[in-house]
Amino acid sequence: MIVLGIETSCDETAAAVVEDGRTVRSSVISSQLALHAPFGGVVPELAGRAHVEVLTAVVLQALEEAAMPVERPPLDAVAVTEGPGLVGSLLVGLSEAKGLAMGWNVPFVGVNHLEAHLFAVTLEHPEVPFPAVVLLVSGGHTMLVEMRAPGRYRLLGETIDDAAGEAYDKVARFLGLGYPGGPVIDRLAACGDPGAFAFPRALLGRGFDFSFSGLKTAVVRAVTRDPRARTEDVAASFQQAVVDVLVAKARAALHATSARSLCLAGGVAANSALRASFASLADEEGVALSVPSLAFCTDNAAMVAAAGCFRLRHDGPSPLSLGADPNLRLAFTE
Ligand code: KG4
Ligand code: ZN
């Protein structure tokens with residue numbers, strides 16, 4: 001089954017062609033980073049318009065790189081993110097996907113962006129041993145999920161305020177490091193002292209929920225008190241606090257379930273310290289580790305095509321009346 005995936009939920013316009021949910025024939029991503037950088041975050045109105053401008057070209061490039069004719073590409077379906085995300089941006093992808101599916105006379109399937117992030121793991125690691133504990137950490141979400149199999153999820157815990165990526169972005173904005181904050185804090189932290197500041201580790205040892213808003217406030221307070229603090233030290237101490245909590249809760253989740261593997265997904269899964277700590281954690285706990293390569297951690301359309309392939313086989317096509325759902329939740333079946 002060959003699926004064209006389309007992703008426009010936030011600030012990346014992406015299209016990809018994926019075969020049988022695992023062989024990536026092409027994956028094209030057009031980033032809007034430069035457009036939003038001067039504002040220190042994503043401006044929804046600008047994001048929607050930018051998707052309109054480039055989406056068709058991105059789709060054509062994905063078909064071309066997959067060596068497919070544009071007129072009648074040998075596709076079995078068109079999959080698109082239906083939510084969660086920015087409503088204006090989601091609608092651009094949905095309209096394009098419906099038009100293409102109708103024009104090519106192939107099924108159309110809506111995909112949950114969070115489930116797509118989970119499929120970024122199995123896209124590259126089809127042999128993941130289940131059940132798996134997955135930490136899904138992105139700009140909008142932070143959750144620990146027990147994945148019994150593709151499509152079978154149990155929520156163990158999630159953030160009660162900011163997502164981990166949101167904390168990175170807010171702290172970076174406060175430090176004047178630009179948007180997005182994750183990659184730059186990751187880089188600076190490598191040259192800083194993680195013990196320079198004793199930032200709080202919220203809810204540590206207390207269940208599987210997370211809280212990061214107090215950490216952000218603690219960083220603001222510390223830097224206001226000590227304006228000459230080295231940014232590298234602030235970045236390293238902040239990152240250590242985030243990683244400590246994520247690792248401790250993932251360890252507790254492994255203990256509380258009979259998981260055979262540990263997985264990371266979402267944009268923050270690109271973080272070098274988190275990846276290294278998860279490698280040690282999996283090693284210590286004697287479970288397999290599955291982490292997507294960097295290009296499939298942050299938003300992309302290959303994961304959408306992979307999830308779409310699964311959803312189409314599992315539930316069949318979506319109706320063309322399907323709308324965008326900016327607050328769509330992951331469906332927990334367990
Ligand atoms: O999954 P994603 O591309 O979009 C959402 O679905 O939210 O995640 C974007 C988030 C941003 O908050 C960004 O700062 C963070 O992922 N991020 C990182 C790194 N690369 C991206 N956070 C920490 N370290 C990184 N290397
Ligand atoms: Zn995402």
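The entries below go from the ground rules to the domains, the metal site, the cores and the strands.

**Ground rules**

I am working with a predicted model, in which local features need pLDDT of at least 70 and side-chain atom pairs count only at pLDDT 80 or more, while totals for chains, interfaces and linings use all residues. Residues are numbered from 1 along each chain as its sequence is written, chains are lettered from A and ligands numbered from 1 in the order in which they are written, and side-chain values use heavy atoms, with hydrogens and water left out.

**Domains**

I looked up how the chain is divided, and found domain 1 (2–117 + 296–315) and domain 2 (130–292). These bounds come from an automatic or database domain assignment. The C-alpha centres of the two domains are 27 Å apart. I then checked the interface: 16 residues of domain 1 are in contact with 16 residues of domain 2, where contact means heavy atoms within 4.5 Å. Between them the domains bury about 1,300 Å², with 71% of it on carbon and sulfur atoms. Buried area here is the accessible area (1.4 Å probe) that two parts lose on being put together, summed over both. Leu 114, His 117 and Cys 297 supply 41% of the area that domain 1 buries against domain 2, more than any other three residues.

**Zinc site**

Which residues coordinate the zinc ion (ligand 2)? I found His 113 (NE2), His 117 (NE2) and Asp 299 (OD), at 2.0 to 2.1 Å. Donors are N, O and S atoms within 2.8 Å of the metal (3.2 Å for Na, K and Ca), and water is not among the atoms, so sites may look incomplete. The donor residues follow the spacing H-x3-H-x181-D in sequence.

I also noted that His 113 and His 117 are about one helical turn apart, because they are four residues apart in helix H4 (residues 113–124). Helices (H or I, at least four residues) and strands (E, at least two) are DSSP runs, numbered from the N terminus. Are these two histidines buried or exposed? His 113 counts as buried because its relative accessibility is 6%, and His 117 counts as buried at 1%. Buried means under 20% relative accessible area, exposed over 50%, and partly exposed in between (1.4 Å probe, protein chains only).

**Cores**

I looked for nonpolar cores, each a set of buried Ala, Val, Leu, Ile, Met, Phe, Trp, Tyr and Cys residues joined through side-chain atoms within 4.5 Å. The largest has 51 residues, and Leu 144, Phe 199, Phe 238 and Leu 262 have the most contacts inside it. Elements that each supply at least two of its residues include strand S6 (132–137), helix H5 (164–174) and helix H8 (231–256). H8 gives the largest share, 13 residues.

**Helix H5**

The buried residues of H5 include Ala 164, Tyr 168 and Val 171. Among the elements that cover the buried residues of H5 are S6, strand S7 (142–149) and H8. Gly 176 follows H5 and has a positive phi, near 70°.

**Strand S1**

All six residues of strand S1 (residues 2–7) are buried, so S1 is largely enclosed by the rest of the structure. Ile 2, Leu 4 and Ile 6 point one way, and Val 3, Gly 5 and Glu 7 the other. In a regular strand the side chains alternate between the two faces of the sheet.

S1 runs antiparallel to strand S2 (residues 12–19), with six bridges; two strands pair if DSSP finds at least two bridges between them. Ile 6 has Ala 15 as its bridge partner in S2, and a hairpin of four residues joins S1 to S2. S1 pairs with strand S4 (residues 77–83) in the parallel sense over four bridges, and there Leu 4 is partnered by Val 78.

**Strand S7**

S7 is largely enclosed by the rest of the structure, because seven of its eight residues are buried. S6 and S7 run antiparallel, joined by six bridges, and Val 137 stands opposite Thr 142. Six bridges also join S7 to strand S8 (residues 152–158), again antiparallel, with Leu 144 opposite Gly 157.
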